[in-house]
Amino acid sequence: MPDRNLEFGKFGARGIKGYEAAARQLDRLAGFIATPVTQRRGMLARLHYLTRTERAKAAARAAGLTVTDRTLKRWADGRVTPSKKNLARLETAYLTVRRQNVARHLLQRLNRQGRGTRVEFHPLNQSQVPRPRQRDVSFRSLNVRRWDRMVAAWAADDDAAMDEAWFTGITVDLGSDYGSYEYVMNIGFAA
């Protein structure tokens, strides 16, 4: 079984885990707020997203934003600036709630009523690997029809589950050389 490279990069290969590249693409599709949380505009946008309804507030509290409503109002009014620790909590809560809110829509977009989404696998960079040690890995394209496990793991921000869903649910359909795509330079798909 060609899976689970134990010493990736030992001979100079470069790339990232396939599930990380897929997670980056899912993040792009989710449409997060672009302005950093450290700027007032970015902080206010996240505060508005997390406090506009009672359901959103409850989800933010469940995601780790434990400050009082009074403190949130003072942040929004500009009377108090959140500490770095609270800004990190705000960012984490925002990402968690946004992923949970967008997951169902993304799943419908990616599955497309059973038709799936075309995924492009850009192989790892072997330019620094000596010629006798290079693998024969090429650009591949595959239509993925089952995104349920991958999107659920992405929404839960569970790296281990994403890795498992990627490796046993998506790349297995590439055939016998699926282990060659554990590490890639990029994953491309448009939904």
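The legends below describe close-up views of a predicted model.

**View 1. Helix α1 crosses helix α5.** Helix α1 spans residues 18-30 and helix α5 spans residues 84-111. Their axes come within 10 Å and cross at roughly 100°, which means that α1 lies roughly perpendicular to α5. On the α1 side, the contact is formed by Leu26, Asp27, Leu29 and Ala30. These residues meet Arg98, Arg99, Val102, Leu106, Arg109 and Leu110 of α5. Sorted by class, the contact of α1 with α5 holds six nonpolar and four charged residues, with no polar ones.

View 2. Arginine 99 counts as buried because its relative accessibility is 11%, and buried means under 20%. Leaving aside residues up to four places away in sequence, arginine 99 touches Asp27, Phe32, Trp154, Ala155 and Asp157. Among these, Asp27 belongs to helix α1 and takes part in the meeting with α5.

**View 3. The two faces of strand β2.** In a regular strand, side chains alternate between the two faces of the sheet. Strand β2 covers residues 117-123. Thr117, Val119, Phe121 and Pro123 make up its covered face, whereas Arg118, Glu120 and His122 make up the uncovered one.

**View 4. Strand β2 and its pairing with β3 and β4.** With strand β3 (residues 140-144), β2 pairs in the antiparallel sense over five bridges. Arginine 118 has asparagine 143 of β3 as its bridge partner. The pairing of β2 with strand β4 (residues 183-188) is also antiparallel and runs over four bridges. Here phenylalanine 121 stands opposite isoleucine 187 of β4.

Notes
Residues are numbered from 1 along each chain as its sequence is written. This is a predicted model: local features need pLDDT of at least 70, side-chain atom pairs count only at pLDDT 80 or more; totals for chains, interfaces and linings use all residues. Side-chain values use heavy atoms; hydrogens and water are left out. Axes are lines fitted to C-alpha atoms, for helices over the stretch in contact, and angles run from 0 to 180 degrees between N-to-C directions. Angles under 35 degrees count as roughly parallel, over 145 as roughly antiparallel, 65 to 115 as roughly perpendicular and the rest as oblique. Contact means heavy atoms within 4.5 Å. Ala, Val, Leu, Ile, Met, Phe, Trp, Tyr, Cys and Pro count as nonpolar, Asp, Glu, Lys and Arg as charged, and the others, Gly among them, as polar. Buried means under 20% relative accessible area, exposed over 50%, partly exposed in between (1.4 Å probe, protein chains only). Two strands pair if DSSP finds at least two bridges between them.
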